[in-house]
Amino acid sequence: MRNLWNIYKKGLIDENPIFVLALSLCPALAVTTSVVNAFTMGLSVMFVITANNVSVSLIRNLVNPKVRVPVYITSIATIVTFVELVLEAFAPLLYKELGIYLALVVVFAIILARAEVFASKNKVIPSFFDGLGMGSGFTLAMVIIGVIRELLGSGTILGHTILGAWYNPALIMILPPGAFLLIGYMIGGLKVYEAKKAKKLREVDAQ
Amino acid sequence: MSEIHDTHAAHVEKEYSILQIAMNLTIACLVSGIILATTYFITHPIAVEKAKMLEEQAMKDLVAEADTFNAVEGQEGWFAAEKGGSIIAYIVPSESKGYGGTIKIMVAVSMDGKVIDYNILSMNETPGLGDSAAKEFFRDRIKGKTSDDLIVVKDPSNKENVQALTGATITSRAVTDGVRAAVDEVTEFTGGK
């Protein structure tokens with residue numbers, strides 16, 4: 001049980017897909033102009049990555065190692081198309097908003113990376129938790145970026161005005177350069193935090 | 001000698017695995033196809049229904065008083081908004097070239113050639129600047145105007161014409177031109193009544 005929690009937990013901060021692994025930066029830049037979009041994208045990716053980890057883990061002994069990547073990509077593409085069809089039917093407005101980025105989930109590095117690194121070598125249940133953890137970490141990062149960008153760029157959160165009329169929205173935060181700056185600062189901040197943590201550990205060891 | 005033998009063995013094994021590889025991929029694609037076909041079969045009718053509902057809702061938002069919307073014969077994409085059996089407005093698609101590509105608009109035009117409202121279907125204008133063209137405050141600048149008044153100006157005191165969006169003159173012009181084209185088409189269609 002503890003083991004599974006550790007597998008889940010590492011995706012949140014220690015191996016956060018965006019801030020630490022620096023994978024899948026394209027959606028982190030493109031779809032985080034508002035919290036709703038960022039959150040939906042995060043959930044979609046979480047679903048795809050978890051479902052894909054499970055299916056890759058299930059077929060890991062059947063797939064010829066020479067064609068594992070094409071087979072994994074087929075699996076990812078199937079799941080993504082499934083999500084697209086379901087969203088189109090049940091949430092057409094969101095579907096329209098996510099547009100091309102949803103189809104691009106197929107080629108997100110993080111999904112193939114988890115299939116290759118984890119799911120193809122582990123049993124179904126750990127793979128499920130790995131996918132869930134990585135997906136949660138991805139969603140968390142997307143929402144954090146989304147909140148900051150929406151707040152600074154339009155003065156709203158989830159469409160509700162937070163900063164009043166006195167606030168002149170910083171347009172750059174809505175545009176891609178703003179996202180680059182923000183992600184850079186966040187990665188930097190996390191590195192500082194990790195360095196401090198490591199230093200503390202060393203001090204404890206020295207004593 | 002043994003080296004040659006080894007190469008030969010590897011060759012045979014490779015040939016065998018090509019068949020296996022093909023089978024592997026074929027089965028993967030077959031399973032994928034079956035899953036997607038089943039999903040599509042279930043979701044497609046719902047998606048079509050939802051799209052129709054959205055379209056109707058969009059038209060209802062444009063012309064609130066109308067009770068039915070019927071396609072106009074011979075005019076592609078046109079809808080006549082009717083109230084109690086008589087036409088009160090036409091809803092016409094229009095497009096023009098904006099700052100970031102084509103802007104597609106649905107325009108509701110009243111029978112006396114005035115803009116009732118419009119709705120931007122798709123555009124790729126700058127977020128925060130050009131995309132304000134879809135917002136209420138800019139729509140208010142266009143509503144109620146006739147073809148002759150639909151000219152973009154930069155003078156805030158001018159209420160006759162359409163005041164440009166700050167920092168997005170090209171978008172303002174594109175939207176205004178698109179709307180005016182729709183108004184002209186309707187005026188022509190109704191015979192300038």
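From the N terminus on, the elements of chain B follow the order α-β-β-β-β-β-α-β-β-α, which amounts to 3 helices and 7 strands; helices (H or I, at least four residues) and strands (E, at least two) are DSSP runs numbered from the N terminus. The model is a predicted one, in which local features need pLDDT of at least 70 and side-chain atom pairs count only at pLDDT 80 or more, while totals for chains, interfaces and linings use all residues. Residues are numbered from 1 along each chain as its sequence is written, and chains are lettered from A and ligands numbered from 1 in the order in which they are written.

Confidence comes before any detail. The mean pLDDT of chain B, where pLDDT is the predictor's confidence in each residue from 0 to 100, is 82, and 90% of the residues of chain B reach 70 or more. Over residues 1–14 of chain B, however, pLDDT stays under 50, and the model has 0 contacts beyond four places in sequence for this stretch, two residues being in contact if their C-beta atoms, placed from the backbone, lie within 7 Å. Where pLDDT is low, the predicted coordinates should not be read in detail. For the complex, the predictor gives an ipTM of 0.72 and a pTM of 0.74.

Chain B is divided into domain 1 (1–62) and domain 2 (68–190), with bounds that come from an automatic or database domain assignment. The centres of domain 1 of chain B and domain 2 of chain B, taken over C-alpha atoms, are 44 Å apart. Where the two meet, 5 residues of domain 1 of chain B are in contact with 9 residues of domain 2 of chain B. On the side of domain 1 of chain B that touches domain 2 of chain B there are 3 nonpolar, no polar and 2 charged residues; here Ala, Val, Leu, Ile, Met, Phe, Trp, Tyr, Cys and Pro count as nonpolar, Asp, Glu, Lys and Arg as charged, and the others, Gly among them, as polar.

The C-alpha atoms of Lys60(B) and Ile21(B), which are 39 residues apart along the chain, are separated by 55 Å. Lys60(B) is partly exposed because 14 other C-beta atoms lie within 10 Å; a residue is buried if 20 or more other C-beta atoms lie within 10 Å of its own, exposed if 12 or fewer, and partly exposed in between, with C-beta atoms placed from the backbone.

The strands can be followed from β1 (residues 68–71) of chain B, which runs antiparallel to β2 (residues 79–83) of chain B and is joined to it by 4 bridges; two strands pair if DSSP finds at least two bridges between them. In this pairing Asn70(B) has Ala80(B) in β2(B) as its bridge partner. β2(B) is in turn joined by 5 bridges to β3 (residues 86–98) of chain B, again in an antiparallel arrangement, and Glu82(B) stands opposite Ile87(B) in β3(B). The hairpin of β2(B) and β3(B) has 2 residues between the strands, and in it Gly84(B) takes a positive phi near 60°.

Further along, Ala168(B) is placed in the loop between β7 (162–163) and α3 (169–190) of chain B. With 22 other C-beta atoms within 10 Å, Ala168(B) is buried, and, leaving aside neighbours within four places in sequence, its contacts are Glu125(B), Thr126(B), Leu129(B), Gly130(B) and Ser132(B). Buried residues make up 25% of the 193 residues in chain B.

Chain A meets chain B through a contact that takes 20 residues from chain B and 21 residues from chain A. The side of chain B that touches chain A divides into 12 nonpolar, 7 polar and 1 charged residues.

In chain A itself, helix α3 (residues 35–59) has 25 residues and reaches 36 Å from its first C-alpha to its last, close to the 36 Å expected at 1.5 Å a residue, the expected span being 1.5 Å times one less than the number of residues. Of the 25 residues of α3(A), 19 are buried, so α3(A) is largely enclosed by the rest of the structure. Ala22(A), in the loop between α1 (2–9) and α2 (25–30) of chain A, has a positive phi of about 55° although it is not a glycine.
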